[in-house]
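Here are my notes on the model you sent. Please read them with the structure open.

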Amino acid sequence: MQSNDVDLVDRLAMALSAALLLGGIVVAGLIETLTGVPRGAAPVTNDAGEVIATPTIDPNVRVALVVGAILVLLAYALYRVAVPHVGATGTGEATTEARA
């Protein structure tokens with residue numbers, strides 16, 4: 001049986017990483033789709049080299065949001081490794097359920 005002990009740090013990490021991922025993938029994708037013809041990440045040029053179409057949201061912004069979400073999850077994982085989980089006994093030791 002798994003423990004359902006979710007504390008403030010767990011909730012913050014889940015909420016922040018989910019918000020960044022959804023913002024970088026879903027929301028930005030919907031904005032790109034709703035603003036007109038879907039375009040690739042690179043600017044579209046004509047034969048003369050003039051830029052005739054660019055994405056609505058810069059791809060670097062979208063990548064930064066997704067990488068930020070991954071960094072939040074990495075920081076959370078490092079926190080969980082460094083800080084012992086406090087069980088129902090109030091000590092830093094693992095409970096019998098967690099040991100099994």
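Which side chains meet in a salt bridge at 2.9 Å, N to O? The side chains of aspartate 10 and arginine 80 do. Point 2 takes this up.

1. Basis. This is a predicted model: local features need pLDDT of at least 70, side-chain atom pairs count only at pLDDT 80 or more, and totals for chains, interfaces and linings use all residues. Residues are numbered from 1 along each chain as its sequence is written, and side-chain values use heavy atoms, with hydrogens and water left out.

2. Salt bridges. The term means a side-chain nitrogen of Lys or Arg within 4 Å of a carboxyl oxygen of Asp or Glu. Searching the whole structure gives two. In one, aspartate 10 meets arginine 80. Aspartate 10 lies in helix 1 and arginine 80 in helix 2, so this pair ties together parts 70 residues apart in sequence. Salt bridges with shared partners join Asp7, Asp10 and Arg80 into one network. The side chains of aspartate 7 and arginine 80 meet at 3.1 Å, N to O. Aspartate 7 sits in the segment before helix 1, so its pairing with arginine 80 in helix 2 links parts 73 residues apart in sequence.

3. Buried means under 20% relative accessible area, exposed over 50%, and partly exposed in between (1.4 Å probe, protein chains only). Aspartate 10 counts as buried, at 7%. Aspartate 7 is partly exposed at 31%, and arginine 80 is partly exposed at 24%.

4. Fold. The protein has three helices and two strands, in the order α-β-β-α-α along the sequence. Helices (H or I, at least four residues) and strands (E, at least two) are DSSP runs, numbered from the N terminus. Of the 100 residues, 14% are buried.

5. Helix 1. Its 27 residues (8-34) should span 39 Å at 1.5 Å a residue, and the end C-alpha atoms are 36 Å apart, which agrees. The expected span is 1.5 Å times one less than the number of residues. A kink of about 40 degrees is centred on glycine 23; the bend is the angle between axes fitted to the seven residues ending there and the seven starting there. Just after helix 1, glycine 36 takes a positive phi of about 145 degrees.
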